[in-house]
Every structure is written in structure tokens, then in C-alpha cells.
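Me: Could you take one residue and walk me through its surroundings in detail? I'd like the cut-offs along the way.

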Amino acid sequence: MTKKEIGSRLIDWIDYRLPIFSSIKHSLVDYPTPRNLNYWWNFGSLAGFFLVLQIITGVVLAMHYNPSAEGAFASIEHIMRNVNYGWLIRYAHMNGASFFFIVVYIHIFRGLYYGSYKSPRELLWWFGLIILLLMMATAFMGYVLPWGQMSFWAATVITNLFSAIPVIGDGIVNWLLGGFAVDDALLKRFYALHYLFPFLIVGFVILHISALHTHGSNNPLGIDSGGPQDSISFHPYYTIKDLFGLSFVLTIFFLVVFYAPDYLGHPDNYIPADSLKTPAHIVPEWYFLPFYGILRAIPDKLGGVVAMVSAIFVLFLLPWLDTSKVKSATFRPIYKKIYWLLVVDVVVLTWVGGNPPEGYFILIGRIATIYYFSHILILMPIIGFLEKPKKLPSSIAGTVLKQKRENVDNNV
Amino acid sequence: MFSKFFIRFLFYIFSIYFLYISLSFSAGKSFELYDIKFSFDGIFGTFDKPSARRGLQIYREVCSGCHGLKFIAYRNLTSLGYSREEIKNIASEYEIEDGPNSEGEMYLRPAVSSDNFIDPYANINMAKFMNNGAAPPDLSLIVKARNYGSKYVYSLLMGYKDIPDNFDSLNGYYNKFYPGHIIAMPQPLYGDDVEYLDGTISSLEQEVIDITTFLTWTSHPEMVDRKKMGFKVLVFLIFMTGLLFLSYKKIWKPVKDGSI
């Protein structure tokens, strides 16, 4: 008997009892995928990669980190200076968080453009948003762990937001803090939860992918697959395309990790936490800036918190707020233009969030906040009704191959 | 296909540029720092070791009266080119409290290579008491902990000027680059503050370059290793991205042709 036969018999034996090989084949090899996905569809697998990178680097960091108000800052310096390649692991983890958010934000904006949240993918969209919320909680708690000035004051500002809740607010704040001020108790529970949440994210990623594989990927045309001629197998076509995209993004990632590792962070976080000294401007990490911009646009504390939280929760309603039957913005002449206004609006909110709330930043922040909510709550439902979409193509394969022929004709 | 590739590339450039804009706005840059080039700037920049060693001399003779360097161990000085013997000698000039010994007593002993730099003050309260209530910051991370890092440290040390008429000098000294311009630290370096062991003339600018180089090393001791490894990693990744792109094109050819 040859080696190969032993191998395949072993695989058959296992697979008969626990079908891991056939399910891998089903969902990663043969899985039928639309043939026309563009580069914007690379970002889902990229997000998965950065999640795994964060977990691996994070577990290694946890082996050397000391979660106490006394020792946290020094243990980070111990990692940076004494642990073998500790600086590489920590810089990869710090910047990995930023890249995770970049990739996920692009992934979300792709879904927004191509209507990937519409029937039958509403739950898929919801799981994605839950992952985003968990990511934000994880990233925030992770930022507190080095116990630098920004860690400490960000924790103070954010936990104090809960005091905006009427009547029970102050009680909730004390409960969260485990005391009456940001201190050791808070640091320890944040550490425990920062270790736990990534595994909750993994759970929701599994749900996200299961929901995805039930009806398959959406595609740039937004029309359903009509048959085998519209699909190609995931392997080798999308495995190689995802690998190429990953390699490209990793090049940029490591450019930052090796040559500008502190660029996305704040210098104040290399000053040990001091409860008696407030930094001149308390700013969150860049990926929270649009939400911070919304929080500060509202002159009332409770109102600001409600607006900030709603900014994400309105996205849960998108499948019903978007009244258009057509998925892809390619065939929606008005929505296609309006979409970019939302992108610009979020960029403006990020910019406002990074600046002190004074002068014209307040006005710009308020206009951008009003636009954000009007876009989702008013413009999207109305445009869906008023707009006359272009004629949808009859099939994916037909459109792709027709384009191909036209390109050839044009070149000739 | 290249145009799509290009658009995505532009998108990254745009987002990085945008972050740069928003960060520099949040930094509140209100005055121009001195434009100075250091030996450690750029992709291949390394520390000028003789300069960093002179910087250590300035630290020991001037700064260490008030500022600690608690995250640096004497043994770390090997990366500035000191031999083990030299480091032992430097360390043994300081005394450190250790203990308790087998009789339960604390005792003083000379520092050894594995000890961290000795703090000038026994504790933070003493540091505050001796300096009108504001403890001088530890310098281990000073370059990382300030916007514009080395450039800022250089400019600050060069930035002591006579007090303009409209400033109240009661609380400190005038510095062109310190936020708010009134700094509690008196001008530490004037030129000729030390007699360099290697015979270099100790002009003010030479001293400031040297101490800035030394303090950049204490903040980023891994910098040279990091840049070297980064270069190899990037060369590999660019090559691999090229190969993967060609493989992608080849595998997808039948799909694009419509033969699949």
C-alpha cells in the first residue's frame, strides 16, 4: 500500500466519524462564489487575518504584562526593552488594532455601497455590527492597559459617560469602576475583559460566516446568482486573490510597524498615568474620532451619549430604512452620488473629533452630525422611493463576458 | 486592472495623509521647531555612537542632578559601544539601597551592571519638595512622550531666550518652544558645561545634539534593529506581493476569458 492511500484512508476514516474534511472542502474549497467580485471583497478575509494576528500577539504580550496600577506601565517598558523581540510583538499589536479598524471600516463601507445588508442578508449585517461593537469595547479596554496618561484619562472620560443616565447613572459608574475613581480595580477588570472579548468576536465571526455561506456573497451587480455559469469555486480563485490582497496590505502594515510604529498613537501615553494632571487635549484613538465628534456636537451630556450610541444602532435598521429594491449602487443614479456625501461626512466627523471643541469646529461638528443622521434616517428611505433605478442586467456571467468583449473591441 | 489597483493604493495614501492632518491639528502646532537633521533620521539612519556617548556624559554631569533614567539599565550601554569593564566602572560610581540581608537590615552597596540608573531622589515627594512642587520628569521616554520627539527636545534645549516684556517670569523661565513658554526648568546647557572625554569642543549646539541623540536612544533602544529587520521584511513582502499578483493573473486567466 502506498503512502498516499494510507493518508486518504485515514482521512476517510476520520471524516466518516467527524466530517471536518468534507466541511472544509464544502466551505473553503468548493464553496461557489460569484465570479465578478472586485478588490473591495478582499476586506472580509483581511479582517479575519487581523483578528487572528491580534489574538496571537495579545496572548504573547499577556505572558509578560503586569495588570496593576503600580506595575502596568513598567511592565510595558519591560516588554519593549528586555523581552526578546517584545518591541516587535507590541508594535504589531498596537498597529494591528488600527489596521483591524481600517480594514473593517472599508468592509462596512463596501457593504453600504453594494447594499450587502439587504434581504436575505439582514442577520449577516447584524452579526457584523455586533462584531464592530465588540471590537470597539476590546480596543478601548486595550488602550487603557499601558496605564499611560491617555489610557487613564480616556478611561475616566468614557466611564463617566454612564453618569449621564438619569437616577442610576452614578451607581452604574461606581459599579463599572469597582470603586470611586479610575484605579487598580478598573485596570484589572479591563484586562480580564480585554482577554475575553476577542473570543466572543471569534464566536460572532463564526455566526457571520455561517450566515454568509447560507446565501453566498453579494456581488458588485447586486443580482442573484443564476446558476453555475455565474460562480467559480472559492479555491483556487479567491484564495489566491485574498493572498495577493493580504500580502499587499501586510506590506503597508509592516511599513508602519517598522518605520512609524508610534505614528498612530499619542505621545502622552508614554507618560505614566497621573490622576492629578489632566492632559491639555484628551483624544481617543483615531478610530473612535467620528463617534467622539458626534458626542461633542450635542451640547447636552445625556443627548451626546444617546447620539453617539445611536450612530451605530441606526445601522441595525438599515435593511429596512433603505427602501430600494435594488442592491448595488451601480444601478442607483441618485444614491450612488449621495453615498459619497456620507463618506465625506464621516471623514469630517473624524477630523472634528480630533480637534478641541472650540470655534468653528463646533459648528462643523454639528452640521456633520445632523447630516449623518439625516442621511440614514431621512435620505435613504426617501431616495429608495423616488429614485428610478437603471435596468438590472439579466445575469452575472452575461454582464462580465459582455464587458470583456467590449474592452477587446475598444482596444482593437 | 492596474487602474483599480492604483485607486486602492491612492485610497491608502489618502487615509494616511488624512490621519496625519488630523493628528497634527490635534497636536496644536503653533510654532515652528528648528529644522535639524539627526544621524538616526530616515530608513537607514543609525545612532552616532560617539555622539550618544558624549550625551551620556552630559546626562551624568548635568541632567542626572534632577532627572532619572529609571527604565535604562547600565548593562544596556553595551549598545553604545561600552565594554563590560567600562560599564562596571560606571555603575560602581553609584550607590544603591538593597536588602534586607540575612539579618533583616537594609544596606548600601555599589551598583552593578544589571541595576537600572539610580534616581536622583529617593521618592516622588522628595522630588517635588526639592523643585517647588513639580517633579522633574524621568527622561527614559522623553523623546517618545513629546510631539515631534527628538526635534522638540533639541529645540527646547536651544530655545531659552530673554523674557519678553509681556511675560510674567515669576513662575519660571522663558522658552520659545515650551507650550505656554514659561518653563520651570532653568536653562541647563550654555556650552562648555562639560569637558568631553574624547576632546570634542563642547559648544552649545554640539552638547544639545549629543544629549538629544542619547535621549533618542533611551526612548528607542530597538531603533537600529527595527529598521534593519524592517528593510528585510519589506523587500521580502514586495517581492512576494509581485509573485502573488502574477499567480493571481495566471490562475484567473480562464475566468477572465470566459472559458470557465
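Reply: Let's start with His194(A), which sits in helix α9 of chain A, residues 184-215 (helices are DSSP runs of H or I, at least four residues, and strands runs of E, at least two, numbered from the N terminus). Bear in mind that this is a predicted model, where local features need pLDDT of at least 70, side-chain atom pairs count only at pLDDT 80 or more, and totals for chains, interfaces and linings use all residues. Residues are numbered from 1 along each chain as its sequence is written, chains are lettered from A and ligands numbered from 1 in the order written, and side-chain values use heavy atoms, leaving out hydrogens and water.

His194(A) counts as buried because its relative accessibility is 18% (buried is under 20%, exposed over 50%, partly exposed in between, with a 1.4 Å probe and protein chains only). Leaving aside residues up to four places away in sequence, His194(A) touches His93(A), Thr138(A), Met141(A), Gly142(A) and Leu145(A) (contact means heavy atoms within 4.5 Å).

Now for the space around there. The largest cavity has a volume of about 820 Å³ (a cavity is a set of points, on a 1 Å grid over the protein atoms alone, where a 1.4 Å probe fits but cannot get out; lining residues have an atom within 4 Å of a point; points join across faces, edges and corners, and the volume is the space filled by probe spheres set on them). It's lined by 40 residues, and His194(A) is among the closest to its centre, along with Gln54(A), His93(A), Gly142(A) and Tyr143(A). α5(A) gives the most to that lining, eight residues.

Terms used
On a 1 Å grid over the protein atoms alone, a cavity is a set of points where a 1.4 Å probe fits but cannot get out, and a pocket is an open set with protein on both sides within 12 Å along at least five of seven lines; lining residues have an atom within 4 Å of a point.
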